[in-house]
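We will go from stop to stop.

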Amino acid sequence: MYKRVLLKLSGEVLSGEGKKGLDSSMGDVIVDEISKVLEMQIKIGIVIGAGNLFRGEELSYVGSINADQIGMLGTVINSLYLFSALKKHGIDSVVLSKITNLPSIENLTYDAVERAFRENKVVIFAGGTSNPLFTTDTAAALRAAEMNAEVLIKGTKVDGVYSRDPKKYKDAKKFEKITFEEAIRLNLTVMDTSAFALCKSHSIPIIVMNFFEKGNFLKLLNGENIGTIIFDGNTH
């Protein structure tokens, strides 16, 4: 179905649900899911959050701008960890960022992205949008547009988008598909409004799916109806 995919992952995928830090077994899970998809010759870009290391409310003491910068550095840590996990399993990848020049990280340019894809490497985008005051959801939407992704897949611990938290409310309704306009109007918090707006303006659909369920990523890219699709109602 898709040849270029931006995968947005929460930092929690590296720690396990509800946990903190870095868990090598979780790194292996991610690599296993990605390796199956690479066999389909799909180009994959990844944006990973830093919730396993830092949460905004935990950093309120330093103020929002400094907290965001700490979070951006957290995404660099997670990106390097994912890079190492992929390398351990023989999968070539590259970490690209605008905010650091560490030896294992390359400068983020469009040429670098295209070169990595030509070399069949996974591209890991670190450092958010490179500016504070933006979430990693918005960073994912930005990088999806920059790499000409055909879809943005948000891998979460929930199997789609619901009208409200399904863990708290038994009557929560799951959407199989919903437009960007409806998602914004209903104030669905699965991604922030700026991410919705950016994807809408570039006609990039978003699919929200449970990444913790083994095989879901491959099933989705094989055309199975997994999760919830958020799309531009004017073009679909």
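Are Phe211 and Phe217 buried or exposed? Select both: Phe211 is buried, and Phe217 is buried too. Buried means under 20% relative accessible area and exposed means over 50%, with partly exposed in between (1.4 Å probe, protein chains only).

Before moving on, note that this is a predicted model: local features need pLDDT of at least 70, side-chain atom pairs count only at pLDDT 80 or more, and totals for chains, interfaces and linings use all residues. Residues are numbered from 1 along each chain as its sequence is written, and side-chain values use heavy atoms, with hydrogens and water left out.

**Stop 1: aromatic pairs**

Rings of Phe, Tyr and Trp (its six-membered ring) pair if their centres lie within 6.5 Å; planes under 30 degrees apart are stacked, over 60 edge-to-face, and the rest tilted. The count here is two aromatic pairs. Select Phe180 and Phe196: this pair is tilted, at 6.1 Å centre to centre and 55 degrees between the planes. Phe180 lies in helix H5 (180–185) and Phe196 in helix H6 (193–201), so the pair ties together parts 16 residues apart in sequence. Helices (H or I, at least four residues) and strands (E, at least two) are DSSP runs, numbered from the N terminus. Both Phe180 and Phe196 are buried. Now return to Phe211 and Phe217: their ring centres are 5.8 Å apart and their planes at 55 degrees, so this pair is tilted.

**Stop 2: helix H3**

Select residues 110–118, which form helix H3. Colour its buried residues: Ala112, Val113, Ala116 and Phe117. They cover an arc of only 130 degrees around the axis, so they sit on the same side of H3. The arc is that of the directions from the helix axis to the C-beta atoms. On the other side, Tyr110, Asp111 and Arg118 are exposed. Next, show what covers the buried residues of H3, including strands E1 (4–9) and E2 (43–48). Just after H3, find Asn120, with a positive phi of about 60 degrees.

**Stop 3: the largest pocket**

A pocket is an open set of points on a 1 Å grid over the protein atoms alone, where a 1.4 Å probe fits, with protein on both sides within 12 Å along at least five of seven lines; lining residues have an atom within 4 Å of a point. Select Arg55, Asp137, Lys154, Thr189 and Val190: of the 42 lining residues, these are the closest to the centre of the largest pocket. Then select H2, which gives the largest share of that lining, five residues.

Key: Contact means heavy atoms within 4.5 Å.
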